[in-house]
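Subject: Structure for you to look at

Hello,

Here is the structure I said I would pass on. Please open it first and then read the notes below.

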Amino acid sequence: MVVHLLEIEDLKGYYRGTFGVVFGVDGVTLTLDSGEILGLAGESGCGKSTLAELVSGSPPPLLHYEGGKILVDGLDIYSIDKEVLRTEVKCKRMSYVPQASMESLNPVKRIRDFVMDVVKERTGKEPSREEVFRMTGEHLEKLGLESWVLNCYPHELSGGMKQRVVIGISTLWNPKLLIIDEPTSALDVTSQKLMIKSLLDLKQARIIESMLYISHDITSLRQLCDRCAVMYCGQIVETGPMDDIINDPHHPYTRGLISSVVSYDPQGRQKGALKSIPGEPPDLRNPPSGCRFHPRCPDATEACKTTVPPILNAEKGKRECACCQY
Amino acid sequence: MKANKIILQCEGLTKIYTSGLVRAKSVVGAKNVSFDIKRGEIISLVGESGSGKSTVAKMILRLIKPTSGDILFDGKNILSYDERDYYRQVQAIFQDPYSAFNPFYKVDRVLDKAFGLLNDHHSSEERKDITRSTLKSIGLNPDEVLGRHPHQLSGGQMQRILIARALVIGAELLIADEPTSMIDASTRAGILNLLLSLRKDKGLSVLFITHDIGQAQYISDRVIVMEKGIVVEQGLIDEVFINPQNPYTKTLLASVPRLYEKWEYD
């Protein structure tokens, strides 16, 4: 039996609070193999980041793990000991770079002192300054940074540089899996390109093996992902090879998402008006019955209101679509 | 109303930010920026962050004073207008629609307050009618948005309400500073199409500030490319975006991710 690097089975994670229960992730199954880059696309509020937080093993206070399995390199992260999770899984097997993580650098410490703290926390030994430079050298180089950035304070670096520094620190122990949430959304187009190239370089240098890349921007996913899963309302609605999803979307939601992309075309302006998906994303406290997309779907029939579409497997090499009509 | 009348003209607009008293440091926000906007025209101002796009917008909105240079609205210097008079004709929408609303009040208030800028007195009945018909005209169902608080609405709905506000006032020029960057891709197209239809039906002029080349290409007639406070290239959208002359514009266009094409790295 092949052991997948990441295996998620019927994962459920809900937010519970005074506002009620929000079904953030509601039945997601997916696998990720070594060497793959999987993109997770969808609108804001569809549960992409919630999924990443659950997989990271330390969900924020109101988010609760409610069932399902997450195996990272064969280890079930919600049944193993917390200490094992911290020392064996995090950083070594999997690293999670959340959204806006560039703000997580300590503003009153130089980057090298910040790295020192991280190393000390993980190894229990305080490294010398030379060791810090040696450890981070290759990682920063692959990310297009020179080692002088270690002597800087965060405010001296640009947004793109801070983002890359954080990725460099997150990958210090060469994790097999890097989960990265919207790394390009706060960056300019030129730094976006550099960012994506750096991530590909990291993979090429075998610092990381595979990546779960989360973004709402389907054009940037297109630039680096092998496979793509489209999420809507806490569930995966379509999955398949990236090129197929772009060129021949099956699910009406994916079709809407792709036709609403305003993409630059050097041949001239695109013909015809852009289409947007009518309506608003539903409230996840009270998801629609049947197929969750039916209130906004242009092709919805009576049956869609009651028939619950199947949960997709999101495996390598498979093309699946959770639409009852497809 | 002539079709090609110049509505706004910027001439040699320069803004230098200085800080400190003794050893003053200065940063060039914009340098010698000149362009004009005709009636019913949508012009995009593109550039990376820090290129001075918003500085130009703020100067046009009279939020900061230019160090030198003139801005003429309808042939007269904008500083010669009475403030209320000026804002009746020039309105703005910004990046974050959430921060434009007071979370404690219902959204109706923003629209209601807009009438205060108008000279004619409207009774509350009239105000309601105008508000409702304006909301309808931009594709919002008044019953769905009126009487709600900001947190109950989506970003797209709120941005539309702010556009409705500019319409209630009867603005002729709309300064849109990254109006869609916080809105989801699926609803973004709706906002862009709304601006296009307002241009067509009402002759609204729009200065569309964005870093998204795709949106600029979709929406505008002309484009101004800025880099570090300087206008490096401007012209018709098809000329600049199909056949860019300036090296900066070329690099910028080459870094835009495309849907049907993968980057090649050298």
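Two strands count as paired if DSSP finds at least two bridges between them. Strands (E, at least two residues) and helices (H or I, at least four) are DSSP runs numbered from the N terminus. This is a predicted model, in which local features need pLDDT of at least 70 and side-chain atom pairs count only at pLDDT 80 or more, while totals for chains, interfaces and linings use all residues. Residues are numbered from 1 along each chain as its sequence is written, and chains are lettered from A and ligands numbered from 1 in the order in which they are written.

The sheet in chain B

Four strands of chain B make an open sheet in the order E2-E1-E4-E5, with antiparallel pairing. Its edge strands are E2 (25-38) and E5 (76-77) of chain B, each of which pairs on one side only. Ten bridges join strand E1 (residues 6-19) of chain B to E2(B), in the antiparallel sense. In this pairing, Ser19(B) has Lys25(B) in E2(B) as its bridge partner. Helix H1 (residues 53-60) of chain B packs on the sheet and touches E1, E2 and strand E4 (68-73) of chain B. Here, two residues are in contact if their C-beta atoms, placed from the backbone, lie within 7 Å. The direction of H1(B) makes about 115 degrees with that of E1(B); such angles run from 0 to 180 degrees between N-to-C directions, and axes are lines fitted to C-alpha atoms, for helices over the stretch in contact. E1(B) and E2(B) form a hairpin with five residues between them, and Gly20(B) in the turn has a positive phi of about 90 degrees.

The sheet in chain A

Chain A has an open sheet of seven strands in the order E6-E7-E8-E3-E9-E10-E11, and its pairing is mixed. At the edges are strand E6 (94-97) and strand E11 (320-321) of chain A, each pairing on one side only. Strand E3 (residues 37-41) and strand E9 (residues 227-232) of chain A run parallel and are joined by four bridges. Leu38(A) has Arg227(A) in E9(A) as its bridge partner.

Most residues other than glycine have a negative phi, and most peptide bonds are trans. Which phi does Cys233(A) have, although it is not a glycine? Its phi is positive, about 55 degrees. Cys233(A) lies in the loop between E9 and strand E10 (235-241) of chain A. Because Cys233(A) has 23 C-beta neighbours inside 10 Å, it counts as buried. A residue is buried if 20 or more other C-beta atoms lie within 10 Å of its own, exposed if 12 or fewer, and partly exposed in between, with C-beta atoms placed from the backbone. Ala100(A) is not a glycine either, and has a positive phi of about 55 degrees. Ala100(A) sits in the loop between E6 and helix H3 (111-123) of chain A. With 14 C-beta neighbours inside 10 Å, Ala100(A) counts as partly exposed.

Helix pairs

In chain B, helix H6 and helix H7 (residues 185-202) pack with their axes 10 Å apart, at an angle of about 10 degrees. H6(B) and H7(B) are therefore roughly parallel to each other. Angles under 35 degrees count as roughly parallel, over 145 as roughly antiparallel, 65 to 115 as roughly perpendicular and the rest as oblique. Among the residues that make the contact are Gly156(B) of H6(B) and Gly190(B) of H7(B).

In chain A, the axes of helix H5 (residues 159-170) and helix H6 (residues 189-204) come within 10 Å and cross at roughly 15 degrees. H5(A) and H6(A) are therefore also roughly parallel to each other.

Core and interface

A nonpolar core is a set of buried Ala, Val, Leu, Ile, Met, Phe, Trp, Tyr and Cys residues joined through C-beta atoms within 7 Å. The largest one has 158 residues, and those with the most contacts inside it are Ile179(A), Tyr213(A), Val230(A) and Leu207(B). Helix H6 (residues 155-169) of chain B gives the most to this core, with eight residues.

Between the chains, 33 residues of chain B are in contact with 32 residues of chain A. H7(B) supplies the largest share of the side of chain B that touches chain A, eight residues.

Regards
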